[in-house]
Amino acid sequence: MDIPMVQTDNPHSTRHPRRCTAHSTRTKQLCGRWAMKGQRVCMKHGGKAPAALAKAEEAVQLAELKLRGLAPIAVQELENLVTHAESEPVRLAAARDLADRSIGKAVEKIQVAAQVAVVKPW
Ligand SMILES: [Zn+2]
């Protein structure tokens, strides 16, 4: 079961792909609410039904598994760039990305000088 990121039934639609696809029974207009996570409908249009929640949870888990499967490929690609890229800025950026994800980002310290003047109205 694949949930498309962009609805393909009308490629010219300006409607956000995460909006509920149900229609109001009263006004017959498209629902304007946000669809629930992993679903195409909002909570008012069946998104909270146990079967819909279970199906959405399954879809979200499948998407996470796909992302985890891509992680080793992404790391390998970064390693290739670090060792084989011709451009020095590309090698540096790849090395920085690898270090950020394995060692952790360097601590950033921001010093802020501020002065607040409080005028007492009383
Ligand atoms: Zn709805």
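Begin by colouring the chain by its domain assignment, which gives domain 1 (1-48) and domain 2 (49-103), the bounds being taken from an automatic or database domain assignment. The contact between them takes 9 residues from domain 1 and 7 residues from domain 2, where two residues are in contact if their C-beta atoms, placed from the backbone, lie within 7 Å. On the side of domain 1 that touches domain 2, the residues divide into 3 nonpolar, 4 polar and 2 charged; here Ala, Val, Leu, Ile, Met, Phe, Trp, Tyr, Cys and Pro count as nonpolar, Asp, Glu, Lys and Arg as charged, and the others, Gly among them, as polar.

Before going further, note that this is a predicted model, in which local features need pLDDT of at least 70 and side-chain atom pairs count only at pLDDT 80 or more, while totals for chains, interfaces and linings use all residues. Residues are numbered from 1 along each chain as its sequence is written.

The mean pLDDT of the chain is 86, and 90% of its residues reach 70 or more. Select residues 1-7, over which the pLDDT is below 50, and which have 7 contacts in the model beyond near neighbours in sequence.

Now move to the segment before α1, and select Thr21, which is found there. Thr21 is partly exposed because 16 other C-beta atoms lie within 10 Å, the scheme being that a residue is buried if 20 or more other C-beta atoms lie within 10 Å of its own, exposed if 12 or fewer, and partly exposed in between, with C-beta atoms placed from the backbone. Leaving aside residues up to four places away in sequence, Thr21 touches Arg40 and Val41. From Thr21 to Gly32 the C-alpha to C-alpha distance is 8.5 Å, for a pair 11 residues apart in sequence.

Lys28 lies in the segment before α1, and its phi is near 65°, a positive value in a residue other than glycine. Lys28 is exposed, because it has 7 other C-beta atoms within 10 Å.

Gly38 is also placed in the segment before α1 (50-84), and with 18 C-beta neighbours inside 10 Å it counts as partly exposed. Display the distance from Gly38 to Ala56: their C-alpha atoms are separated by 4.7 Å, although the two residues are 18 residues apart along the chain.

α1 has 35 residues and reaches 51 Å from its first C-alpha to its last, close to the 51 Å expected at 1.5 Å a residue, the expected span being 1.5 Å times one less than the number of residues. Centre the view on Ala71, where α1 bends by about 25° and a proline, Pro72, follows within four residues; the bend is the angle between axes fitted to the seven residues ending there and the seven starting there.

Within helix α1 pick Leu62, which is partly exposed, with 14 other C-beta atoms within 10 Å. The C-alpha atoms of Leu62 and Ala114, 52 residues apart along the chain, are separated by 48 Å.

Finish at helix α2 (residues 88-102), whose 15 residues reach 21 Å from first C-alpha to last, close to the 21 Å expected. Asp97 is found in this helix and is partly exposed, with 15 other C-beta atoms within 10 Å. Between the C-alpha atoms of Asp97 and Trp122, 25 residues apart along the chain, the separation is 55 Å. Just after α2, select Gly104, which takes a positive phi of about 115°.

Notes. Helix = DSSP H or I, 4+ residues; strand = E, 2+ residues; numbered from the N terminus. pLDDT = per-residue confidence, 0-100.
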